[in-house]
Amino acid sequence: MAKYDAVLKNEIIQLLDKNTELEDEIFDIFSGEEFANSTEPLRVSKLRDVFELLIPKTTWTKEDYVKQNRDLSIEGVANDKNGEPQLIIGLDGVPHTFITTSEAVGHLFVKYKMNHYAKYMLSDQEDHLDQLLSNFDYWFKEQYPEEDVLVRTVIEDGHRIVRCFATPTYRPIDNHVLLYMSLWALDQLPTKFYLALSRIDHSSMKLHFVSDEDIEIKGIGTLSYGFTLVNGEDKSKVVGFHPTFDLVNLDGTATTLVLDKPVKIVHRGKSLEPILRSLDELKDIRSHVEWVTGVIRVAHNAKIDDVFAYKIQQEIIKIIGQAQFSKFAPKFNEISSNNAYNLLQFFGRLNEMDVPDEDEAIKIKVLFWKFMRDRANKK
């Protein structure tokens, strides 16, 4: 059973390892001394399980390698614990091999604009593995053999895993550090929040914080607002807060909208001032409510049709690729065939598509918001 007792301010400093230069500086700048001397509860509830999970300890053993492209090799293919096909990666001078994650396969080929295609070829390896290996040799052995690559690995339950391929200058923010800064920022706001959803592994984190404030929209439903916090190993993804609005319609369907104005958290250089400035933007969330409510009213009165549904289908395919969409095609066809749905009901049902990639799932919810906003702007 989950523990929902409050986390105290003097407890969350356990998230920081003051033996590291960065985290010691975060302690100094982000009220570490003040929190250490306070027994007040944070203004964010239902987060104890996540807090305790992310206290730095040896949950995962991580190791990074800086190699050249020619030092990488594909030694074979194997299924991961979820039954998904993955690459077995060898590194010159390292006695072990590593199995990829699906995200890491995308990282490996994203520079060559092959991330979706590589995943497709891997999923259909009986017919396309040779083609995938040929492409790998072309880019990594022939075209750019001396290019440096950062290979981020982890040992989890005895399995050696590649969690990310990136450039050596890439500076990710660890989950426990980002959680500390996020809780600090939310604690500054006048509204209380609770943690409604969490997904965490060694390579990524998604936390959905929702305000305690519910807003009734007459004749439509109940609106709450908050933030979806996303972290990941892929530098092409937005790390930070996505302003999020959750609408429960009167018919029981629910729609999640993610605004296309993320509060980015980027660590470059030695100064933490850019992060402080970004976190200060969180206070603007309440000012968006009236605007979002107006967009929702228009969407409530707008029905879908076949042309609109086709546009949405094509935009989703651009985000997740044709192969991934094919898994959801029967569900999409079922939902889009109901022309009685308004936009809120339509997008609410599309939330039933469980897109495993967190960044892609966010992009789809941003897509829903953009279509609704554009419809409202035409009124």
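## Two helices side by side

Helix H13 (residues 343-350) and helix H14 (residues 358-377) pack at an angle of about 175°, and their axes lie 11 Å apart. H13 and H14 are therefore roughly antiparallel to each other. Angles over 145 degrees count as roughly antiparallel, under 35 as roughly parallel, 65 to 115 as roughly perpendicular, and the rest as oblique. Axes are lines fitted to C-alpha atoms, for helices over the stretch in contact, and angles run from 0 to 180 degrees between N-to-C directions. Helices (H or I, at least four residues) and strands (E, at least two) are DSSP runs, numbered from the N terminus.

Which residues in H13 and H14 meet? From H13 come Leu343, Leu344, Phe347 and Leu350. From H14 come Phe368, Phe371, Met372 and Arg375. By class, this contact of H13 with H14 has seven nonpolar, no polar and one charged residues. Contact means heavy atoms within 4.5 Å. Ala, Val, Leu, Ile, Met, Phe, Trp, Tyr, Cys and Pro count as nonpolar; Asp, Glu, Lys and Arg count as charged; the others, Gly among them, count as polar.

## About the model

This is a predicted model: local features need pLDDT of at least 70, side-chain atom pairs count only at pLDDT 80 or more, and totals for chains, interfaces and linings use all residues. Residues are numbered from 1 along each chain as its sequence is written, and side-chain values use heavy atoms, with hydrogens and water left out.

## Leu344, a residue of H13

Leu344 is found in helix H13. Its relative accessible area is 0%, so Leu344 is buried. Buried means under 20% relative accessible area, exposed means over 50%, and partly exposed is in between (1.4 Å probe, protein chains only).

What does Leu344 touch, not counting residues up to four places away in sequence? The partners are Ile220, Leu247, Asn249, Thr255, Ile296, Ala299, His300 and Met372. Val7 is 337 residues from Leu344 along the chain, and the C-alpha atoms of the two are separated by 36 Å.

## A mostly covered helix

Helix H5 (residues 102-110) is mostly covered, with seven of its nine residues buried. The buried residues are Glu103, Ala104, Val105, Gly106, His107, Leu108 and Phe109. They pack against strands S3 (72-79), S4 (85-91), S5 (97-100) and S7 (159-166), and against helices H6 (115-123) and H7 (125-143).

The loop between H5 and H6 holds Lys113. Lys113 counts as exposed because its relative accessibility is 75%. Its phi is near 55°, a positive value in a residue other than glycine.

## The largest pocket

About 1300 Å³ of space lies in the largest pocket. Of the 40 residues that line this pocket, the closest to its centre are Asp80, Gln86, Thr101, Ser102 and Glu103. A pocket is an open set of points on a 1 Å grid over the protein atoms alone, where a 1.4 Å probe fits, with protein on both sides within 12 Å along at least five of seven lines; lining residues have an atom within 4 Å of a point. Grid points are joined across faces, edges and corners, and a volume is the space filled by probe spheres set on the points.

Which element gives the most to the lining of the largest pocket? H6 does, with five residues. By class, the lining has 11 nonpolar, 15 polar and 14 charged residues.

Phe30 is found in the loop between helix H2 (21-29) and helix H3 (32-36). At 0% relative accessibility, Phe30 counts as buried. Phe30 and Tyr180 are 150 residues apart in sequence, and 8.8 Å apart in space, C-alpha to C-alpha. Ala309 is found in helix H11 (residues 306-320) and counts as buried, at 5% relative accessibility. Leaving aside neighbours within four places in sequence, Ala309 is in contact with Phe332, Ser336 and Phe346.

Thr39 lies in the loop between H3 and S1. Is Thr39 buried or exposed? Thr39 is exposed, with a relative accessible area of 60%. Leaving aside neighbours within four places in sequence, Thr39 is in contact with Leu8 and Asn10. Lys46 lies in the loop between strand S1 (44-45) and helix H4 (48-54). Lys46 counts as partly exposed, at 39% relative accessibility. Its phi is near 60°, a positive value in a residue other than glycine.
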